[in-house]
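User: I would like a close look at one part of this model. Please keep to the disulfides.

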Amino acid sequence: MINKKLVYYLLFALGLFVVSTGLTYGLVRILNRKPQSMVSPEGKGVVNTVATKAKKQKYDAPLTSACPLNGQMYPVSYEDIWKTRRPLAVMIENHLDSRPLSGLSYADVVYEAVAEGGITRQMGLFLCDIAGQNITLAPVRSARIYYTKIVTEYDALYNHVGGAGNCDDPTVDERAKALCFIRRNKIKDMDQFGLDFKACHRLTNRLDREVAYEHTMGCFTEELYKVAVKRDWQNDGEWGKTYVSWKFKDPATDSGLVSDISFDFWKSKTDYSVAWKYDKTNNGYSRINGGIVVTDLNTDDPIMAKNVVIQFVRETGPLDEHLHMDYQVIGTGKAIVFQDGKAILGTWSRATQGARTKFMSEGKEIVFNKGQIWIELVPDGNIVEYNK
């Protein structure tokens with residue numbers, strides 16, 4: 001006669017084996033699965049986390065409207081959109097692990113400076129080239145004090161993910177408190193922490209490899225402008241009246257011989273060293289960062305600027321335990337403007353926080369080529385090498 005207790009023990013052991021095997025298999029599947037989507041915090045559905053690729057739109061109408069930020073010409077349908085808006089100023093990081101970046105080829109103007117430890121960060125000004133398109137911008141990172149001061153120059157919407165220093169933070173030097181500056185100066189703040197999920201969310205599969213979580217935030221231009229409308233921050237006609245454009249021209253017919261530009265922000269951080277190579281055929285400059293040609297992940301096309309500006313600025317820092325830096329963006333200093341294969345030696349000046357930066361040479365304002373302008377905030381005393 002079979003012992004009933006033995007049967008029970010055998011059945012229990014068998015059941016335990018089946019359950020544990022199933023759990024192990026499921027756990028392995030989960031751990032090895034590459035995440036494809038992300039559920040919104042509100043639980044209202046799933047949003048694809050993969051940034052889509054698309055070539056830039058081709059214009060099918062006459063180019064009759066000049067962008068106020070960089071003079072680039074567009075169809076009037078683009079102007080009909082951008083004249084109802086103000087620029088987006090978006091913090092886009094440049095950490096080695098975050099490359100290639102998404103969306104910078106659509107910026108009308110780009111600024112670049114060191115964030116901490118020789119690692120640079122960029123702020124793109126977006127208005128004209130994104131008109132009518134929902135462009136992915138990534139990875140979006142935190143605010144820095146010198147960038148907030150540039151935002152006031154444009155009266156732009158400022159998109160970032162947190163930042164250095166609330167007013168009451170004792171660990172951050174007063175000179176570095178970006179979040180405090182934003183509040184005190186009533187900047188039109190679009191901090192990701194206060195936005196809905198459609199405007200900004202994590203793009204966990206933006207790249208073909210896993211990266212740290214801080215390198216995954218993406219924001220979307222059309223959704224950001226919807227937020228601006230809700231907050232009554234759209235252009236009511238006043239922005240276009242008060243904003244002062246730089247001067248622009250068509251490219252020169254006779255190009256110069258300055259074809260290679262290179263410099264370091266910090267010599268100890270060669271992954272962030274920059275070179276610009278002049279392309280005579282396109283009369284533009286191809287960007288090279290850390291020895292690699294820079295492309296926009298959205299389009300797979302190389303970054304090409306029509307103007308490269310070296311704005312020499314006073315560097316101060318590290319200022320505190322967080323290694324925050326400060327760069328002088330109000331005052332005066334030296335500058336070099338590269339365009340048409342030529343180098344123009346000059347100066348920059350900005351009298352007040354609300355004033356526009358002017359670039360001058362031999363007593364006259366420098367006239368930029370129509371198209372993307374890339375402004376490099378390079379520490380005073382650094383050497384910029386170029387063939388003369």
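Analyst: The link of Cys67 and Cys128 is right-handed, with 80° about the S-S bond. This is a predicted model, in which local features need pLDDT of at least 70, side-chain atom pairs count only at pLDDT 80 or more, and totals for chains, interfaces and linings use all residues. Residues are numbered from 1 along each chain as its sequence is written, and side-chain values use heavy atoms, with hydrogens and water left out.

The S to S distance between Cys67 and Cys128 is 2.2 Å; a disulfide here is a pair of cysteine sulfur atoms within 2.5 Å. The pair links distant parts of the chain, 61 residues apart: Cys67 is in the loop between strand S3 (65–66) and strand S4 (73–74), and Cys128 in the loop between strand S7 (119–126) and strand S8 (136–137). Strands (E, at least two residues) are DSSP runs, numbered from the N terminus, as are helices (H or I, at least four). Cys67 is buried at 2% relative accessibility, and Cys128 is buried at 0%. Buried means under 20% relative accessible area, exposed over 50%, and partly exposed in between (1.4 Å probe, protein chains only).

The whole structure holds three disulfides. Another joins Cys167 to Cys180, S to S 2.0 Å, and this link is right-handed, with 100° about the S-S bond. Cys167 sits in the loop between strand S9 (157–160) and helix H4 (178–184), while Cys180 is in helix H4. Cys167 is partly exposed at 34%, whereas Cys180 is buried at 3%. Cys200 and Cys219 also form a disulfide, with sulfur atoms 2.1 Å apart. Counting bonded cysteines along the chain, the pattern is 1-2, 3-4, 5-6.
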